[in-house]
Amino acid sequence: MPAPIRLRELIRTIRTARTQAEEREMIQKECAAIRSSFREEDNTYRCRNVAKLLYMHMLGYPAHFGQLECLKLIASQKFTDKRIGYLGAMLLLDERQDVHLLMTNCIKNDLNHSTQYVQGLALCTLGCMGSSEMCRDLAGEVEKLLKTSNSYLRKKAALCAVHVIRKVPELMEMFLPATKNLLSEKNHGVLHTSVVLLTEMCERSPDMLAHFRKLVPQLVRILKNLIMSGYSPEHDVSGISDPFLQVRILRLLRILGKSDDDSSEAMNDILAQVATNTETSKNVGNAILYETVLTIMDIKSESGLRVLAINILGRFLLNNDKNIRYVALTSLLKTVQTDHNAVQRHRSTIVDCLKDLDVSIKRRAMELSFALVNGNNIRGMMKELLYFLDSCDPEFKADCASGVFLAAEKYAPSKRWHIDTIMRVLTTAGSYVRDDSVPNLIQLITNSVEMHAYTVQRLYKALLDDISQQPLVQVASWCIGEYGDLLVSGQCEEEEPIQVTEDEVLDVLEGLLVSNLSTPVTRGYALTAIMKLSTRFSSVNRIKKVVSIYGSSIDVELQQRAVEYNALFKKYDHMRPALLERMPIMEKTATNGPTEIVQTNGETEPSAVEPKHPPPVTQPANQANDLLDLLGGNDVVPVIQTTMPTKPASAGGELLDLLGDLSLSGIPPMTAYNKNGLKIDFTFERANPNPNIAVITIHASNSTEAEMTDFVFQAAVPKTFQLQLLSPSSNVVPALNQGTVTQVIRVLNPQKVSLSMLTYTHKGSPVQDLAEVNNFPPQSWQ
Amino acid sequence: MIKAILIFNNHGKPRLSKFYEHYTEDTEQQIIRETFHLVSKRDENVCNFLEGGMLIGGSDYKLIYRHYATLYFVFCVDSSESELGILDLIQVFVETLDKCFENVCELDLIFHVDKVHNILAEMVMGGMVLETNMNEIITQVDAQNKMEKSEAGIAGAPARACISCKEHEPPGNAQKHQHW
């Protein structure tokens, strides 16, 4: 068989393919060749084949048949083979395949190899994809390498240790002694990875954190050396020496100083120094400053330093570089909770960022703007945010709309402003608002009584313009249904009243019913609105006609509504005015949860909402309730309730109500235990709602002279039965039968309480006893 | 922690893909496609940070990328890494490649993807930054390459002889005699 082609040849061949199909063909041919070559167990060409396989894997073709070959390469003696083998292992294997466990032995041997590069390869692979079993087995080797003097290996071992700790957190203590002199290294690579290791340990365990706090002075010293050391060509990046290490150390200082005054104080000077001396013309300087600012904000720094930090962030905001602005916005978002006032000073810059072209910056600016809204700036901010809502991409609209609603709810200066704002949102971003905003809005409108005329007028005008945005249409039709009379009578104080006739209103609503743009929910709203207008308008015949048409609609929901409304016209016409009168003011419910259960069939669990008005109509109870549900809309609690039909539930306690309604069922009591002066009697009753449950009351009495304290009775039953032990009346059984301790046990189907355990203290010494009770009277079970 | 490092060209062809968390092969390809889609839409003068797509994203993760000529270098990181620091890291990576390959271009990455992996392994290990000093990285990579060459040993002698012959041959007869 000819020698397999080289990787370069393969790459060149694949690049000549002009279509995807051609490429696939070439690759399949090559895969077949590789597979047969693997079968021949040829050692010389194995690494070449695996290299090709890895290339094909990168392009997206399946390469799993090479996994075992990688293992064979790892086991080989040649460095070349090992290199490709480990690379293949990292790319193709993972802990989900059992094959990877076979690597453990190879890695162990390689960790002790004489050549440092082989050891390095093994550490690298273990650190990338070692599973928890592998880590457990090899942690000892890693720890040994952590103490070696070879800096190349030491830094790799440190990162490998981080991986081990992530996989098996219990092993953290093992690495503790090795960390002792990690920070006294001169080699920056080792320093860097050691700081990473320390950071990981501190983040995972508060004990470690406390332990490492004593390293703060050392870290401060290292940082100082870095800043003051002058030019060092090896670690210099754009004039700053080893910025990566500086950033790492700053991060570790942040974690160490977080809630600790002493450490924070020790860091103050160096942080101030870094903040003022770092050059900001290049990205590196800004990276360090950014990290410094975050550290200052997180630890307990003095106020002067904090002001310095926020000012740096403010300067970042004005920087031309977009990355810097993005980073500034992100960190301001993190600090706005704690330093609200300081961030407010930069509000105008932040609001300007809303108009930036960059999507990432816009998103950050939007989040930050919502965080900055308060009672004082609500009007100005809302103007900007609404403008933003108009012009932003669709991906932002939903979040922005929700944010606007929340802010308006919290800080609205006046009801009219609130309603205007919500209307603006509905008209501009109506299709992106969340579903629960419709009922919230309806509730808001109902509660602002004086705005009804204004609201309905504006909504009507909006409807005339555009009926495609469903939330707007739903709210509008609900309002027109409720306040249509105000609309027609033209009595609006806030705005110039418009002249609308009843027919025009009905035209609009009927238009909604037939339009293709309306969803079924919207149609339901429209039909109900038309129905409500029958008591507010005079053109009842037209309404009757519309309602009867929909009595045969294909949509089941519409049909049901129409039929019931028809019935209202015919048989129950006397009730119509009362049923369709204005909705009373609704209480704001806390969540949607409990009210959902209440309203489905008008049944009477005491709900979270108390009715404000007495129920005007009582019968026929069920039908009226159904209609009210329909009229009420989605989440509105039907305020009118019927009288409670049955017993007032004692807040759900009825099932476990032991004391009420237990009928003595004539089961004779029995003595369960009588020893050493302690007598325990069982008396039986049947629980009322569930006759299968026997309620056993134990009476413990003490005929000795000394009382029994710390009396505890425990019972166990076979698995097929269930037992519930309630708390006893007391722990002390008084002496000489002067009183009894009672305790209630509820058992399902008792036949044999097999074990009872009693513990008590008698005359100063604890007594414990185990008894089997099986002489239950036959009537106690069925 | 760095979740993934991807290099792809302006048309979305992957030139290097290294994941530090495990995904199935299909998911990996999907991630590459999705990332390319997100990154290629970006303008030239916007910031280099992006929220990740659905597959590799999540609220904690972002994509930090840099565009050099025909290649995108994308690092997917979580919040424990400094964003500006990663930008610098990408710069160091590219400069290292430049030194190792002498004026690196896309073709170098195509034909020597294993070497690029080796260089990357000296910089990032297990998703964490290992070494940032360019000279140190290059020294180590060179030493390991030398080891490989010495292992080729006798088997490689005819190849090496051919190489030196090639240097005396007139151009036009050049043949490629590399270890791979």
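Visitor: Which residues form one aromatic cluster with B:F8?
Guide: Bear in mind that this is a predicted model. The cluster is in chain B, and besides B:F8 the other members are B:F36 and B:Y72.

Visitor: How many aromatic pairs does a search of the whole structure find?
Guide: The search runs over all chains, and the total comes to 10.

Visitor: What sort of aromatic pair do B:F73 and B:F93 form?
Guide: Their centres are 6.0 Å apart, with 85 degrees between the planes. Planes over 60 degrees apart count as edge-to-face, so at 85 degrees this pair is edge-to-face.

Visitor: And which elements of chain B does that pair link?
Guide: B:F73 and B:F93 are 20 residues apart, so the pair links distant parts of the chain. B:F73 belongs to strand 5 (residues 71-77), while B:F93 sits in helix 2 (residues 83-101).

Visitor: Is B:F73 buried or exposed?
Guide: Its relative accessibility is 4%. The cut-off for buried is under 20%, so B:F73 counts as buried.

Visitor: Which residue lies over the face of B:Y61?
Guide: Look for a charge placed over the ring, within 6 Å of its centre. Here the distance from the ring centre is 4.0 Å, and the residue is B:K3.

Visitor: Over in chain A, which ring does A:R35 lie over?
Guide: A:R35 is 4.3 Å from the ring centre, over the face of A:F65.

Methods: Residues are numbered from 1 along each chain as its sequence is written. Chains are lettered from A and ligands numbered from 1 in the order in which they are written. This is a predicted model: local features need pLDDT of at least 70, side-chain atom pairs count only at pLDDT 80 or more; totals for chains, interfaces and linings use all residues. Side-chain values use heavy atoms; hydrogens and water are left out. Rings of Phe, Tyr and Trp (its six-membered ring) pair if their centres lie within 6.5 Å; planes under 30 degrees apart count as stacked, over 60 as edge-to-face and the rest as tilted. Helices (H or I, at least four residues) and strands (E, at least two) are DSSP runs, numbered from the N terminus. Buried means under 20% relative accessible area, exposed over 50%, partly exposed in between (1.4 Å probe, protein chains only). A charge sits over a ring if NZ of Lys or CZ of Arg is within 6 Å of the ring centre and within 35 degrees of the ring normal.
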